[in-house]
Amino acid sequence: MIFFIAKIIFTDFRRNMRFKTYLLAPTKCFIPKCQAHCCTNAPLPENFLAEHKGSIQRKIYSAINIGRNSCGDTFNSVIYNTTPNPIQIVGIGPDGKPLLGIPGDLLNKLGIKSKKQLDELIRNYEQFNNYCPFITDYGKCSVYAERPPICREFGTLPTKINRCPDKSSRFDIAKYYIKDFFKFYKNSFLNLVNKVKNLF
């Protein structure tokens, strides 16, 4: 009998753990809560910036044309540097990581004489996220409806990058909508109260 009760409790515990994991595990990108941490070093089609000039959100310090970003591409891609640090992206390595560099004339201008000083510049660079030029200060995409294929495909295919540090859990998404629901009705109620006040 004791064994039977223990088995029921253990089974129930495992089921609850699965349910808890189901609710709390990071599952997908959720645009309303997105902080755009994935939208860094974004290789954009080379004509994309010119076509969406009015939507640019960040100052561009330099750019590097990396050629075809994917074997399926029929166009070249450009990575734009939006960080104020003199260290800039100069290409992409075989491992997909950005290659960093600094122009020689800038090295002389800044008086960089040692590797220690250069390492300090690189450490400072790593404090910045090199966001896509179209990301607002609130982490939203100013061209979301017209975003290029690389952005649309993010995380959708096994062969595509699927690393998002800000993926939301089902619980996070439900909380967001519940909070939004009450906020909407609270504002509606306050507007109604103000209208009634104005009548008197």
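Helices (H or I, at least four residues) and strands (E, at least two) are taken here as DSSP runs, numbered from the N terminus. This is a predicted model, in which local features need pLDDT of at least 70 and side-chain atom pairs count only at pLDDT 80 or more, while totals for chains, interfaces and linings use all residues. Residues are numbered from 1 along each chain as its sequence is written, and side-chain values use heavy atoms, with hydrogens and water left out.

1. **Overall layout.** The protein chain has six helices and five strands. Followed along the sequence, these elements give the pattern α-β-α-β-β-β-β-α-α-α-α.

2. **Burial and surface.** Buried means under 20% relative accessible area, exposed over 50%, and partly exposed in between (1.4 Å probe, protein chains only). By that scheme, 22% of the 200 residues of the protein chain count as buried. The chain exposes about 14700 Å², and carbon and sulfur atoms supply 60% of that area. Accessible areas come from the Shrake-Rupley method with a 1.4 Å probe; for residues, only the protein chains shown count as cover.

3. **Contacts along the chain.** Contact means heavy atoms within 4.5 Å. If you take the contacts in the protein chain between residues at least 6 apart in sequence, 64% of them join residues at least 24 apart.

4. **N41, a backbone point to look at.** N41 has a positive phi of about 50 degrees, although it is not a glycine. You will find N41 in the loop between α1 (2–24) and β1 (43–45). N41 counts as partly exposed because its relative accessible area is 22%.

5. **I56 and its partners.** I56 sits in the loop between α2 (48–51) and β2 (62–67). With a relative accessible area of 29%, I56 is partly exposed. Which residues does I56 contact, leaving aside its neighbours within four places in sequence? They are L49, P133 and F134.

6. **Q127.** Q127 belongs to the loop between α4 (115–125) and α5 (149–152). Its relative accessible area is 63%, so Q127 is exposed. Q127 and T83 are 44 residues apart along the chain, and their C-alpha atoms are separated by 9.7 Å.

7. Y176 lies in helix α6 and counts as partly exposed, at 30% relative accessibility. Neighbours within four places in sequence aside, Y176 is in contact with F30, P32 and K33. From Y176 to K33 the C-alpha distance is 8.3 Å, although the two are 143 residues apart in sequence.

8. **Two surface patches.** Patches are made of residues with over 30% relative accessible area and no salt bridge; like charges are joined within 9 Å, and nonpolar side chains (Val, Leu, Ile, Met, Phe, Trp, Tyr) within 5 Å. A salt bridge is a side-chain nitrogen of Lys or Arg within 4 Å of a carboxyl oxygen of Asp or Glu. Lys and Arg count as positive and Asp and Glu as negative, with His and the chain ends not counted; the place of a charge is NZ of Lys, CZ of Arg, CG of Asp or CD of Glu. K33, K175, K179 and K183 form a positive patch. K183 is in helix α6 (residues 170–199) and is exposed, at 52% relative accessible area. I178, F181, F182, F184 and Y185 make a nonpolar patch of about 590 Å². F184 is also placed in helix α6, and F184 is exposed, with a relative accessible area of 51%.
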